[in-house]
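Subject: Structure for your review

Dear colleague,

Please find below the structure that I am handing over to you. I would ask you to keep it open while reading the notes that follow it.

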Amino acid sequence: MSPREPGADATLFPPGFLRLLATVPALVRRVRAGAAAGVHAARGTGGPFLFRGHRAYREGDDLRRVDWGVLARHDRVVVREHDAERDVRTEVWLDGSASLAPGGGRAAAARATALACAVGLCGGGRVRLGVLRDGAAAPRREADDPADLAALLDAIAAETPAHRAGLADALPALAARLPARARLFLVTDLLTDADPALLARAAGRGLSGAVLHLRDPDTWAPPPEGLFEAVDAESGARRVVRWTPDRAERVARRAAAHAERWTHAARAAGLAVVPFAPSTPPEDLLARLALEVP
Amino acid sequence: MALLWPFALVGLLALPVVAWLHRRLTRAVPVVVPSLRFLADEVDADRDARRRRVDLDLWLALAGCAAVACAAAGPVWRSHGAGRTVRVVVDDGPAMAARGLDGSTAAARAEAAVARLRARLAPEDVLARVAAAGDDVVAAARRGGAALRVVVSDRLPALATPGVEVVAVGDPAARNAGLVAAAATVAGTTRRVFVAVRNDAADARVLRVAVAGGGAAALDVAANGVASTTLDAPAGDGPIVVRLDDPDGALAADDEVRLVPSVLRVAVAGPDEGLPAAHGDLVRRTLDVVAPGWVAVAPAEAALSVGVAATVAPAGGAALWLHPVAPGATGVRAPAGAARERPPAPFGDDLDVASLDLVYARDVLASAPWPLLRVRTRPAGGTAVEVLFDPLAGAPPPADTAAWPILVENVVTAVAGAPTPGGFRVLGLAPPDRARLGRDRRDLDDAALAGAAPDRPPVERSLRAPLLALAAVSWAALWGRGGRRRVA
């Protein structure tokens, strides 16, 4: 996997982050090596470790999977594949609303989306990247080759937060698109009036994955104290507020309660909830994706 | 309040600038936030923000700027404006006791005139009241500094008095008759009395005069004229009392005189009684001059007792008390040129007190204006005259000046009567010039009062220092609050 393409946005994806992306396959493989058959084995008669066939060697593949006999006999570098590592369909959907833009939210969401794509591409999985905006779920790009990660990054970088997400309409539209037993990564700030029960409606379809919840501190932690005029990133509505510790505490409680409702709904749908913030180190977020997300 | 440099108030234009800068610096900074949904329940946020837009910081800054601008304008507070000193001399001569037909005395009318004058003064004006009598009233009015000088008397001066306004409160209809001269002669056992009666009225009168226990006569006295007669007096050594029948006269004090033998009986205290020997000798030498033939008697028989304040005088007799400086002690000297208190009449008659070097015993507690005498009526009866200065202290001591014998003579005359050629002393005989009634009426000239220019500058206090202090305090408080300055 080589995400260092000339087109990668250095602002959203700095070199350090790109180097982290390169380690994603090894990290995921090491985690899954200790998890026996894993949880993504396809249904079939061959069992979880049934040899499925060969495919051409790709950069980043574990050398222990190289079929040395084929190499010696036919002078071709191929690796063995088993059913337990059959590709998993990973749906990565990014909240494209303007509310992700302030306070470094866009970059944080873009990097989380990139990490989700990288995790989805590990082990030969297929990834579909899409955007939720204005009540619609619009797919942007599909990839099944780690070499396509650079193209996914470009597609992520091309998305500029704008308008509203309209999750009340977009989530049902997304649910209609999701294949059964797919792995879903939904990157969103959940700043919506939509009913969290919309997520619960996807329960029973064998979904896995996580809601990557961008909890932008600017939502409830503006300057320490004093006057400021809050401008809604989506609607442009303004409101003068004298910020006080008491008021900040009340706002933080409301935000926590809101997040709790969505967390409850996500778990009902089989999804984990991974909160993150612009200040969250990408390494920590990757570790949580690899360790906590089925 | 006034401003020395009013143009400096232009600095107040900085106040709106400060307010604008404050508003700009503390305005709500726009912050793009992901959503307002969690602020929606903060219903009073906007109203609260608007209400507190003008906060203590702004008031402190405005107060400091305003104080500096006002201080630059040089404000002064005039607690008193330019005022005038009105020096009022009230005649306290014997004629001021004359009672008019309406029952009021000239002194009472003078008091009413002073009260009217006081009521017409501005708050910043000062009325300085002085008492004088006879010809001294005009001279007293001209002493010291004043914007307006007023004499209140029962008569107008004979001569013009430029610079002095005269208010006359006499009664044109008043009439009086009085004894103006009395003398007694002794021939063997026969005593006769010569009396003169003055008719101070506009019409001729028949006045009856009588000697107690002796003769009597009715005198035809022309208007403003004088008539005299000689009457028999009772034999013996007792005093001779002459009475004038003038029931409707304005003055009662001049209707009776007493003629007593001129031999003055005096008791002079000795050193054992607290009066130093030198002072006793001084009194004796002075009495030899002013009361020739005086005799020293025991205190119980004395008409005049001389001693210190504790000296006991017989009831009804007069006392002269001295306050000598104790030997070896240092007295209190009145500074040269300092104001002296004018002695009351008649004790201060003909006295020039301005040049006296006065030294007081410390227990007198004298202070400016430096007094000479204190006259009091003793509880046992009689008059006590205290000489407050030490006549033998000073350079030269008052005893070596003409003032001392004049003072002692005035005291002796006041308590024992004036000597007459026949060897008697006469009591109750008022000087004709003072007993003559004044009948003039004149109110105060309004133009003189209105035209009197202020003689005292206004009392002003600069407010610059308090204003600068206020600015410093305001800005210091503002500086102190800097650490807690709002972010917005």
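The notes below describe chain A, then a pair of its helices, and then a sheet in chain B.

This is a predicted model, in which local features need pLDDT of at least 70, side-chain atom pairs count only at pLDDT 80 or more, and totals for chains, interfaces and linings use all residues. Residues are numbered from 1 along each chain as its sequence is written, while chains are lettered from A and ligands numbered from 1 in the order in which they are written.

Chain A has nine helices and 10 strands (DSSP runs of H or I with at least four residues, and of E with at least two, numbered from the N terminus). Of its 294 residues, 41% are buried (20 or more other C-beta atoms within 10 Å of a residue's own, with C-beta atoms placed from the backbone).

In chain A, the axes of helix α4 (residues 105-121) and helix α9 (residues 282-292) come within 10 Å and cross at roughly 40° (axes are lines fitted to C-alpha atoms over the stretch in contact, with angles from 0 to 180 degrees between N-to-C directions).

In chain B, five strands form an open sheet with mixed pairing, in the order β5-β4-β6-β7-β25 (strands pair if DSSP finds at least two bridges between them). Its edge strands are β5 (126-132) and β25 (441-442) of chain B. Strands β6 (residues 148-153) and β7 (residues 165-169) of chain B pair in the parallel sense over four bridges. B:Ser153 has B:Ala168 in β7(B) as its bridge partner.

Yours sincerely

Terms used. Buried ≥ 20, exposed ≤ 12 C-beta atoms within 10 Å, placed from the backbone.
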